[in-house]
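Let's walk through this structure together, beginning with the chain as a whole and then looking at a few of its helices. Please have a look at it first.

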Amino acid sequence: MDSPPFRNVAPAGRPRCTTVASWYSRETFERAVMDDHLLDWLTTLDEDRLARVLATRPDAIAAPWPRRLDTLARRLGDDFAVMEVMRGLPLPSLEILQARLVLGDRATADGLARFLGVTPAGLLPWLDGLQDHALAWPGRDGHLRVAGAVSRWWTAPCGLGEPLGAYLDSWTMNTEGLRRMCRTLGLAAHGGRRQLAGRLAGLLGDADRLAALLADAPEGTVSLLDEFAWDGPVRGVDGNRFLAAGTPERWAADRGLLYRTQWDIAEMPREVALALRGPDYHPAFTPEPPRLGAVPVDDEATGHALRLAAPRVLDRAAALLENLDKTPLPLLKGGGVGVREVRRIVRETACTEEETRLLLEICAVARLLAFDEAAKGLIPTKRFDVWRLEDAPSRLRVLLAAWWRMERSSLRRAAGRYPTVLGDDPAGETVARVRRAVLATLATLPAGTAVASTPELLQAVRWRSPLLDGGLVADCGPAVLAEARLLALVSGDALTDLGRALAGVGAPAGDEQDESVPEVERDPGLVEASARALAGARRTALFGADLTAVVTGPPAAELSGLLDRAADRESEGTASVWRFTPASVRRALDAGHTADGLLDELRAAGGVPQALAYLVRDVARRHGEVTVSTVGCIVQGSDPVLLAEIAAHRRLSRLGLRLLAPTVLAATAPADRTLAALRDAGYAPLPVDDTGAIAVRREPSGGRLIVLPGGRVAELEEPPPVFETAPDPREHARRLVRTRGEEPQPGQTWAVIGRLATRLPTAQQSLLGFVVDRGVRALITLADGLTATVSHGELRRGVLDAWCEEAGDYLEFPLAEIASVTSG
C-alpha cells in the first residue's frame, strides 16, 4: 500500500527526451481537451446529479461562486484542487484512476473492470464516487474520461511509464531513426513517421510478438527488462553499456524497448512493460478495507471519562496561561521552548509534562499566546482575556479547533525523545492530515466499541488516506491517540461523543496560521457535544471545618480557578481536594481579592464554615502591614519649604506629588514628564543619573474595559464576525442549470468600457477591463462616494456585474457612475 508517486512540478515528470516547446504545446492541448470533456459532461447533468457533485466538491462553489458551467469546469479541473481532492480518496478510488490512466482515452467501464480483474458491478460504486468528485465520468461515446489534472500529477500509474508514442514522437527520434528501428525489428521501413510509429507500437505492445523477439536476445536481457517492467519505469543504468555492442542494454535500446533519457537514466515505455507483465496481469484493486478489530467498551465509563477530562482541559489551559501571565516564557535561540522551561511550568502549575507540551502548542495556534519583544518571551494575548470571559463550551471549542489545524505533533517521539515545543516540524500540514485521518478512521467503528490494536488502526488509516506518508502515519498515529486522550476526545482507544463530533467536522478551511474564526468552532454538532461534555462539571464544593474544600466530580474551570487562587490543591481525580492555609489566602489577597469579595465568591460555591471565615479575615487584617509603592520618579531638594511649595502647587497636581520626607518628593509621573512640568511651572530642576525611574504599566486605551481577577483591566474586543454559510449546493445547481447556454460576448470589453465608463482615464479603463477579462481584484469608487472591492466582473446592459467582497454577492455597478478604479 505504498503511496503512489506524484509530480511536484508537472514538466519535471515528462520524458526528458521531449523539448520544452513540444511538451508545452501538448500539455496545453491536453488541458483544453480535458476541460472540454468535463464541460461537456457537466452540460448533460440534471439538477440532482449536479447538486451531488457540488456537495462533494464544495471548493468549486466557494465565494465568489461560479456563474456558469464553463467557470465551474475550470474550478473542478484546477490542478491543485484536484490534488487536494485526491488526498482525501481511499485506496480503491486511486487504484481505479491509475488503471484508467494506463488504459488510455479508449477505456470503457467494462474494459476497466476486466483490466482490474473484477466484475463491472463491483466497480460501479467506486466509479460513481469518482463522478461525485468530478474526477472520472462517462463520455458521450461511452469511453471513461478522467480529469486532466489526474494525469498531470501522476508520474507512473501502476508503476508504468509514458506511452510509447511519447518517445517515438520525440524530437530526439527522427524519421531515419524510426526506419532503422523498423529494419532492426524486421518491419517494413517505408512510409512516414505515423506509419512507422504504428508498426513499432503494434509489435512492441503485443505480448506474443515481444516474447518471440526476446527468444533471440542476448543473455541477461530478459532479467534486465523484467526489472524495468516491474520495478521501473525509470532506473539508473551504466551509460557505457548502451554503446557497447552485444550488451543487453544496447540490444534493447536498438529495438525501442528502453530509451536512455540521460547518460545514466533509462526508461521503459508503458506498452512494453504491459506486454512483459503478460496478459494475466491485473493491477491491484483493494475494495475491502483492512480488518479493523473492535472490542466493546462501557458507554457509561467512556462518558464518565469524558466528563472528567473535558473540564480538566480548560482548567489546565487556564492555569498554564495564568502562569505565563506572571512569568513570560523565553524561547531558545534556535526557536522553540527549552526543556527546563517546560519542567518549570510543570512544577508550578501541577500540569503533567504531556499536558504542558500539548497545551503550549495549542494555545499558540489559538493565538492565546504570542511572543512579546518587551517581555522577551511568550505571554498571553488580549485574545486570552476575551477567551477567559466566554462560556466553558466556547473555550473548549477554541482549543479543539486549534488542535484540529495544528501542524505539529506535540507527543510524537523521535529516538525516544519528544520534539522541541513550538519548534519547526518539516512534515508541516501533513501532520494535521494524519491527525484528521486517525480520528476519521476511529469514527468508522460503531459507538460503544474501541479499536482492538493500534497497528490495525494505522493500517486502516493508510487504506483510507493512501497518499499520506506511511512512515509519518506510523510515527504520528500513537501520538495522535495520546493527544486525543488528554483533550477528552478518546477514552482508552474509543472515541468519546466529543471526539466523534470533531471527527465529523472535516478539514478546516485555513491552516494553523489562519487567524480568522474557523468553522470548527461553530459546527452545530461540536457545539452540542461540547455543551454535553461540560454539563456535568461541578460548580459547587463542600467546605469543611478542617479548612478543606472537596469537589465530588469534575470541577468547572471557574471553580478550579477560584480554589487554585485561594487554596492549595492536594489531590485530584474522581474527587478533588483543596486545603486553605494562611499562605494560600494571602496569595489570593495579593492577586487583588478583598476579604469580603473572596468570602462572597466562596459562599457562591458552597457553605463557608466559620473556621474558614476566621482564617480569611485574620489574614486580611495583617495583610498590608508593610506597603510597597510604585513611583515614576523621585524629586529631591535641600530646601524643605521649596519642596512643600512644589507639592502644594495646583498646576503640578497631575504629577501625583507626595512628601516622603521633608526633602524628598515622590511623583507618579515618569522623570521626563515631571521635568517638563516643573520647568513649565517656572522651576529649574536638573535630572540626575540615579533617579531610579520605574516603568509604569499602561492600561489599554479605548474599547470596553473589563476588570478581571487580580485587578487586571482587559480590553474586550468586539466579537469576530459570523460568516454566513455557503448557499446550499442544490441552489447552486439550480442556478447553474438555468444559466446553461448563457455565455458572455467576448471581444467587446474594451469597446464597451471605453464608450460608457467616461469618468475614467484610459489607464483606469484598462484596469477595469482586467476585472472583466481576467477576474482581477480592484477597488472602485462611484460618483456618490461609495466604494467596493470587486472582481470576476462581466458587462451587460451598461453595468458592471461583479463580485463585491463587502456584500458577499454579485452586484451591478453602472459603468457611467464609476469615478475611479485602483488596484486591489
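The chain holds 35 helices and 25 strands, where helices (H or I, at least four residues) and strands (E, at least two) are DSSP runs numbered from the N terminus. This is a predicted model, in which local features need pLDDT of at least 70 and side-chain atom pairs count only at pLDDT 80 or more, while totals for chains, interfaces and linings use all residues. Residues are numbered from 1 along each chain as its sequence is written, and side-chain values use heavy atoms, leaving out hydrogens and water.

Of the 824 residues in the chain, 47% are buried, meaning under 20% relative accessible area with a 1.4 Å probe, protein chains only. Take contacts (heavy atoms within 4.5 Å) between residues at least 6 apart in sequence: 64% of them join residues at least 24 apart.

Now find helix α33, residues 729–738, where H732, A733, R735 and L736 are buried. Seen down the axis of α33, these buried residues fall within an arc of 165°, so they line one face of the helix; the arc is that of the directions from the helix axis to the C-beta atoms. Their packing partners are α3 (47–56) and α4 (69–76).

Next, turn to helix α27 (residues 557–566) and helix α29 (residues 595–605), which pack at an angle of about 135° with their axes 11 Å apart. Axes are lines fitted to C-alpha atoms, for helices over the stretch in contact, and angles run from 0 to 180 degrees between N-to-C directions. On the α27 side, the contact is made by L559, L562, L563, R565 and A566, and on the α29 side by L598, E601, L602 and A605.

Key
Buried means under 20% relative accessible area, exposed over 50%, partly exposed in between (1.4 Å probe, protein chains only).
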